[in-house]
Amino acid sequence: MSHHLVEARELSHAYPDGTNSLSGINFIIRHGESVAIVGANGAGKSTLLLHLNGTLRATSGEVRVGDLPLNATTLLEVRRAVGMVFQDPDDQLFMPTVLEDVAFGPRNLGLAAQESETRALEALRRVGAEHLASKAPYHLSMGEKRRCAIAAVLSMGPDVLVLDEPSTGLDPRGRRILIGLLKEFTHTKLIATHDLDLVRQLCTRTLVLQQGKLRADGPTQEIFADHGLMEDCGLEG
Amino acid sequence: MASLAASLLDLREMDRIALQKTSLHRLDPRAKVLATACFLVVLGSYNRLEVSSLLPLAVFPVALAAFGDVPFGFFLRKVLLGLPFILILGIFLPVLDPVPMMRIGSLDVSGGWLAYGSLMVRGTLAVATATALVAVTGFGDVCAGLGRLGSPRFFVQQLLFLYRYLYVVGEETQRSLLARELRSHGRSMGWREYPSFTGSLLLRSWERAERIHTALLARGFSGTLPARAYGTSAIEAWAFMLGWSGFFLCCRLFPLPRLLGALVSGGTS
């Protein structure tokens with residue numbers, strides 16, 4: 001069974017107040033693809049991401065991860081398979097030390113303490129943050145926090161990495177390190193961002209959202225070259 | 001503003017202290033929670049006018065703090081922080097019961113003052129013990145201990161979130177206050193500003209709390225925090241619990257200070 005695949009079929013979502021935030025979204029993301037989701041503020045990027053691990057439920061249509069349709073019974077399995085890195089690492093990191101925080105996911109998967117710790121250390125090593133293991137998350141710099149937040153998701157062995165604005169708040173060096181890091185991951189990646197330069201470096205394919213609709217889906221280079229489209233979607237850069 | 005930041009730092013300091021690896025830290029949290037519960041029951045069972053016979057109980061929090069390597073200054077500060085509440089709690093006791101009960105030198109001491117003194121000693125002991133317990137166990141593990149002892153899951157979960165969101169609300173308040181202060185040109189907050197200030201603070205804390213909850217769920221959180229591994233044996237845990245409970249009962253049943261006093265005066269006369 002392969003989970004290296006995310007699919008949205010006629011995915012729509014309306015908030016309780018009736019605002020349509022997503023309507024009729026269709027896409028298939030295949031094994032190992034690195035895909036950017038771009039769009040102006042309020043285009044529905046975050047809403048879309050929250051559907052991919054079942055935080056929000058589709059009003060109509062469906063999301064499939066691997067062979068599984070996302071529903072109440074597959075929820076936990078999908079959440080393990082889809083590792084979500086949130087925009088603000090402070091929302092994510094909360095245990096007293098980085099190591100415990102990174103081991104939090106594996107522990108929830110039911111792994112023993114020792115095994116969880118091994119996995120956590122391995123994840124920290126992959127993001128170059130082993131030396132931070134015994135530190136408290138609030139003593140870290142933004143770049144370090146972001147790397148730890150990524151490790152906290154890697155430790156659960158996800159098949160798909162979903163990142164919401166991963167380069168926000170990073171200084172140029174921190175950003176460069178992050179991009180280098182993400183390049184090395186062979187995971188299927190979905191990155192929602194305003195950072196078009198990051199998209200150029202990391203993503204071969206781009207989805208463009210505009211007011212809750214999928215406006216364009218294609219190779220990054222082609223999409224970025226379409227100045228009319230980009231300007232129309234508030235993405236001129 | 002500064003004091004809020006300091007309190008948050010203090011809480012975090014507490015979390016850090018709780019991560020130490022002394023044998024007391026590695027003891028099964030259930031043993032510590034049960035011993036503390038026994039301590040509180042005994043503390044509450046004394047006559048309301050007792051003062052001196054309560055004093056030997058102070059050995060427990062002090063021993064916890066000492067063997068748990070809790071920095072003394074930090075511990076004292078935490079205990080002192082609780083004191084004003086206790087002082088206010090019993091403020092009317094001396095007025096309500098003015099009948100003299102005993103004499104110290106030429107001074108009549110009324111029942112009210114005795115009860116007040118007793119309340120202060122009890123309150124301080126309770127605060128000190130709770131502080132020491134969290135410092136040598138960690139809040140998460142105290143909750144885990146409560147859970148494994150059969151406390152309702154709902155209750156344990158609420159406690160956990162209360163602790164987590166304490167930081168959230170604290171941090172949001174700090175940010176809002178700073179943002180207001182920087183534009184206030186030294187003017188303090190008028191009563192008109194309070195409702196909208198607290199309102200927006202509540203909403204923002206709420207949103208942030210929701211994001212945190214989402215992030216927890218995304219990593220497979222199912223209502224309980226994973227408990228840490230305990231490095232000590234069950235025998236040690238039982239010994240700790242029974243030993244201390246026995247000590248509390250002795251304190252309760254025998255007037256240790258008086259016996260000690262008799263021993264000392266008997267020895268010197």
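A residue is called buried if 20 or more other C-beta atoms lie within 10 Å of its own, exposed if 12 or fewer do, and partly exposed in between, with C-beta atoms placed from the backbone. Helices (H or I, at least four residues) are DSSP runs numbered from the N terminus.

## Basis

This is a predicted model, in which local features need pLDDT of at least 70, side-chain atom pairs count only at pLDDT 80 or more, and totals for chains, interfaces and linings use all residues. Residues are numbered from 1 along each chain as its sequence is written, while chains are lettered from A and ligands numbered from 1 in the order in which they are written.

## Helix H11 of chain B

Met241(B), Trp244(B), Phe247(B), Phe248(B) and Cys251(B) are buried in H11(B). Seen down the helix axis, the buried residues of H11(B) fall within an arc of 135° (taken from the directions from the axis to the C-beta atoms), so they line one face. The face turned away from the buried side carries exposed residues, including Ala234(B), Gly243(B) and Leu253(B).

## Nonpolar cores

A nonpolar core is a set of buried Ala, Val, Leu, Ile, Met, Phe, Trp, Tyr and Cys residues joined through C-beta atoms within 7 Å. The largest has 71 residues, of which Ile37(A), Val85(A), Val102(A), Cys148(A), Ala151(A) and Val162(A) touch the most other members. Helix H6 (residues 142-154) of chain A gives the most to this core, with seven residues. Apart from it lies another core of 39 residues, among them Leu24(B) and Val136(B).

## Contact between the chains

The contact (C-beta atoms within 7 Å) takes 22 residues from chain A and 18 residues from chain B. On the side of chain B that touches chain A, H10(B) gives the most, with seven residues.

Notes:
Helices (H or I, at least four residues) and strands (E, at least two) are DSSP runs, numbered from the N terminus. Two residues are in contact if their C-beta atoms, placed from the backbone, lie within 7 Å.
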